[in-house]
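Please look at how side chains meet in this protein. Which contacts hold charges, rings and sulfur atoms together in pairs?

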Amino acid sequence: MNTTLRRLASVVMVMFLALMVSTTWIQFFHADELNSDTRNIRSIYAEYGRARGPIVVGGEAIALSKPVDDEFGYQREYTDGKLYAPLTGFFSLANGTTKIEHTENDYLNGQADALWVDRLQNLLTGADPEGSSVELTIDPKAQQAAWDALGDQRGAVVALDPKTGAILALVSKPSFDPNDLASHSTREAGEAYTKLLNDTENKPLNSRATNWSYPPGSTFKLVTTAAALESGDYQPDTVIDAPSTYTLTGTQTQVGNFAGTSCASSGQMTLADALRISCNTAFLGLGGELGADAMDEQAEKFGFGKTVDVPFRADASQYDQDPDAMNTAQVELSGIGQGSVTATPLQVAMVSAAIANGGEVMQPYSVDTVRDPQLEVVRQTSPTSLGRAVSEKTAGQLTDMMKSVVESGSGTSAQISGVQVAGKTGTAQWGDTSKTNPHVWFTGFAPADDPQVAVAVVVESGGDLGGQATGGSVSAPIAKAVMEAVLNG
């Protein structure tokens, strides 16, 4: 009898031990997986049942959680939802999180490791947990100016502080209202999300500022010029060929200048004048002379070929997927920002910002400060250098050349009274050119002698002017409005 009892007791002990090990294993090693499982109703109620921290711009909350009388406890609301959607993203019961709501989620919901003291105090006092506030670098006046100036046109605007990399404005149109996705009705939120996904013509969920690449057109001539100056073989006053038309090497394809004009009656002009009037034929030849390796290396120094987290991820711009395989005609086209070259508005703004900053590229960022519920700083972003794109001498030469673009070249519409502006226009062909109007660009910075803001603007398909549009006529005035908003405080 005793032997039987001992055996039974042993079996029971083994079973209890197995149960304890199994439970511990699940609770410890699979905790994160279980907490993030969308079927975990307790996790969902816990997430929505706490006071999520606000996202703040200029001292005002642009995303906040308000108490509501339902099973979730708090409702996420977005003031000026469409204006800030490419930054805030959304916090949705049915569709998850994106952008700042996603990258800063642990701070916003109060669960970040840096907030362990607050969590411990809440545990001891029984107080309800609260999230931290996330303060953005955005200048609200610049953001609004960009939104208003872009109007109903499709495109994007990015403004940076060239000395720090702080994002001062980031606008994308068409946009969306994150309030539609924050509904506690999973049916309504799901239908709203599906509608946005199915809008394949406008694609409002895709930020044109950071996750949409365009041919940069003549704004890329800044990179081409930088490569030429850095080579040591060219100076701003170096005379280069500027024929009326240019035949791409190895082809019968002739490329002309805007509106079929001639850049110079002599067929030659200085590099500085070629940039000032944006002479295509001169830069086609220059791109071919420099070669794919030099062009690709210079583009990489400005940030091409790399993703950047701001803190949400911005897509990489590309000079070419395989520069070694490019033929001479493709390299020539790259000299004017056509062919295989693609760029996000953020990247184009980074090029201007680097020139404005004496040649040094700064890491773009949109989160300035994170504060706990007692408003104590728990995280502060420090400016970070990504490296040097060009020498200070080259940056100074490029600045002078860009000033002439605005003073007497293709970018006169960006002039600001009493302020020297440096800039570059762009007109970029895309798709079937017989059926599409070019995208139009402007990028630049101000004041030229002490830069406070660098900006890039792209307007799709010429915007309201269609085929009659140029970067100077459509995009430059938008950039001017944004720069003025920053400079005027």
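## Charges over rings

The charged end of Arg208 sits over the ring of Trp212, 4.1 Å from the ring centre. A charge sits over a ring if NZ of Lys or CZ of Arg is within 6 Å of the ring centre and within 35 degrees of the ring normal. Arg52 does this too: its charged end sits over the ring of Phe91, 3.9 Å from the centre.

This is a predicted model, where local features need pLDDT of at least 70 and side-chain atom pairs count only at pLDDT 80 or more, while totals for chains, interfaces and linings use all residues. Residues are numbered from 1 along each chain as its sequence is written, and side-chain values use heavy atoms, leaving out hydrogens and water.

## Aromatic pairs

The whole structure holds 6 aromatic pairs. Rings of Phe, Tyr and Trp (its six-membered ring) pair if their centres lie within 6.5 Å; planes under 30 degrees apart are stacked, over 60 edge-to-face, and the rest tilted. Why is the pair of Tyr214 and Trp441 edge-to-face? The ring centres are 6.0 Å apart and the planes stand at 90°, so this pair is edge-to-face. Tyr214 is in the loop between helix 9 (186-197) and helix 10 (221-231), and Trp441 is in strand 20 (residues 439-446). The two are 227 residues apart. Helices (H or I, at least four residues) and strands (E, at least two) are DSSP runs, numbered from the N terminus. Both Tyr214 and Trp441 are buried. Buried means under 20% relative accessible area, exposed over 50%, and partly exposed in between (1.4 Å probe, protein chains only).

Phe220 and Phe304 also pair edge-to-face, at 5.6 Å centre to centre and 80° between the planes. Phe220 is in the loop between helix 9 and helix 10; Phe304 is in the loop between helix 13 (292-302) and strand 13 (308-309). Both residues are buried. Elsewhere, Phe90, Phe176 and Tyr193 form one aromatic cluster.

## The disulfide

A disulfide is a covalent bond between the sulfur atoms of two cysteines. Here the cut-off is a pair of cysteine sulfur atoms within 2.5 Å. How many does the whole structure have? The search finds 1 disulfide. Cys263 is joined to Cys279, with 2.2 Å from S to S. The link is right-handed, with 105° about the S-S bond. Cys263 is buried at 15% relative accessibility, and Cys279 is buried at 1%.

## Salt bridges

There are 14 salt bridges in the whole structure. Each is a side-chain nitrogen of Lys or Arg within 4 Å of a carboxyl oxygen of Asp or Glu. Lys163 and Asp450 meet in one, 2.8 Å from N to O. Lys163 lies in the loop between strand 7 (155-160) and strand 8 (167-173), and Asp450 in the loop between strand 20 and strand 21 (453-459), so the bridge ties together parts 287 residues apart in sequence. Lys163 is partly exposed, at 40%. Asp450 is partly exposed too, at 38%.

Glu77 bridges to Lys66, with the closest N and O atoms 3.4 Å apart. Arg52, Arg76 and Glu101 are linked in a network of salt bridges.

## A buried charge

Asp372 is buried yet has no salt bridge. The nearest side chain of opposite charge, Arg371, is 7.7 Å away. Lys and Arg count as positive and Asp and Glu as negative; His and the chain ends are not counted. Asp372 lies in the loop between strand 16 (367-371) and strand 17 (377-380). A polar atom of the Asp372 side chain lies 2.9 Å from the backbone nitrogen of Glu376.

Technical notes:
A polar contact is a pair of N or O atoms within 3.5 Å; within protein, one must be able to donate a hydrogen and the other to accept it, and residues adjacent in sequence count only if both atoms are side-chain atoms.
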